[in-house]
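Here are my notes on this one, point by point. Have the model open while you read, and check each spot as we get there.

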Amino acid sequence: MMPLSAAAAAQRRRWPKQRTTPALELSTLDGAAWRLSAQRGRVVALNFWASWCEPCRTEMPSLELLAQRHERDGLTVMAINHKESVAAIRRFSEREALSLPVLRDADGLAARACGVGIFPTTVLIGRDGRAAFSVVGEADWQAPAERQWINELL
């Protein structure tokens, strides 16, 4: 998988109607279980990233602000790391003062199940537990288009 060029704009892609939403079960850095099904009733943004991906790193502050601004509205933002060690993720999180909750996709199966081929990619899940769309590439979550995408789900 490759990072998207920082010069390319984020693209919104509707989730294919015939494609089911994956039943994701991942673990936190501390090994606690996290299940997408347990988030039903909330809007969930699943951001697939890696520390080696420059656009991913650039997007993180915008994602953190998005999470802070809309937590009371029922939005959960999860940072899903792609195939890196716990030690590497912790180093990155500490260096960047990352406050988003991080999940591990240690084998890359969650990214594959969500059709992620470019980093970063954010999959948006509606309150009904169904994937609505994905945003491929680095997004500015404070920009008008991206704010509208989130508001549609909230």
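1. Start with the side chains of Glu59 and Asn47, which are joined by a polar contact of 3.1 Å. (A polar contact is a pair of N or O atoms within 3.5 Å; within protein, one must be able to donate a hydrogen and the other to accept it, and residues adjacent in sequence count only if both atoms are side-chain atoms.) Glu59 sits in helix α1, residues 54-70. Helices (H or I, at least four residues) and strands (E, at least two) are DSSP runs here, numbered from the N terminus.

2. A word on what you're looking at. This is a predicted model, where local features need pLDDT of at least 70 and side-chain atom pairs count only at pLDDT 80 or more, while totals for chains, interfaces and linings use all residues. Residues are numbered from 1 along each chain as its sequence is written, and side-chain values use heavy atoms, with hydrogens and water left out.

3. Buried means under 20% relative accessible area, exposed over 50%, and partly exposed in between (1.4 Å probe, protein chains only). A salt bridge is a side-chain nitrogen of Lys or Arg within 4 Å of a carboxyl oxygen of Asp or Glu; for charge, Lys and Arg count as positive and Asp and Glu as negative, with His and the chain ends not counted. Leaving aside neighbours within four places in sequence, Glu59 is in contact with Asn47, Pro120, Thr122, Gly137, Glu138, Ala139 and Trp141 (contact means heavy atoms within 4.5 Å).

4. Glu84 is in the loop between β6 and α2, and is buried without a salt bridge, the nearest opposite charge being the side chain of Arg91 at 7.4 Å. Its side chain does make a polar contact with that of Asn81, at 2.7 Å. Apart from neighbours within four places in sequence, Glu84 has contacts with Ala50, Ser51, Trp52, Ile89 and Arg104.

5. Now the charges that do pair up. The structure holds five salt bridges. One of them links Arg12 and Glu152, with the closest N and O atoms 3.0 Å apart. Arg12 lies in strand β2 and Glu152 in helix α4, so this pair ties together parts that are 140 residues apart in sequence. Arg12 is partly exposed at 22% relative accessible area, and Glu152 is partly exposed at 44%.

6. Glu54 comes out partly exposed at 48%, as does Arg57 at 29%.

7. Next, Glu96, in helix α2 (residues 86-96). The side chains of Glu96 and Arg95 form a salt bridge of 3.6 Å, N to O; Glu96 is partly exposed at 42%, whereas Arg95 is exposed at 58%. Glu96 and Met60 are 36 residues apart in sequence, with their C-alpha atoms 9.1 Å apart in space.

8. Which residues of helix α4 (residues 144-153) are buried? They are Glu146, Trp149, Ile150 and Leu153. These cover an arc of only 90° around the axis, so they are on the same side of α4; the arc is that of the directions from the helix axis to the C-beta atoms. The cover over them includes β2 (11-14), β5 (43-49), α1, β6 (75-82), β9 (121-125) and β10 (131-136).

9. Last, the cysteines. A search of the whole structure finds one disulfide, where a disulfide is a pair of cysteine sulfur atoms within 2.5 Å. Cys53 and Cys56 form it, with sulfurs 2.4 Å apart, and the torsion about their S-S bond is about 80°, so the disulfide is right-handed. Cys53 is buried at 0% relative accessibility and Cys56 is buried at 2%.
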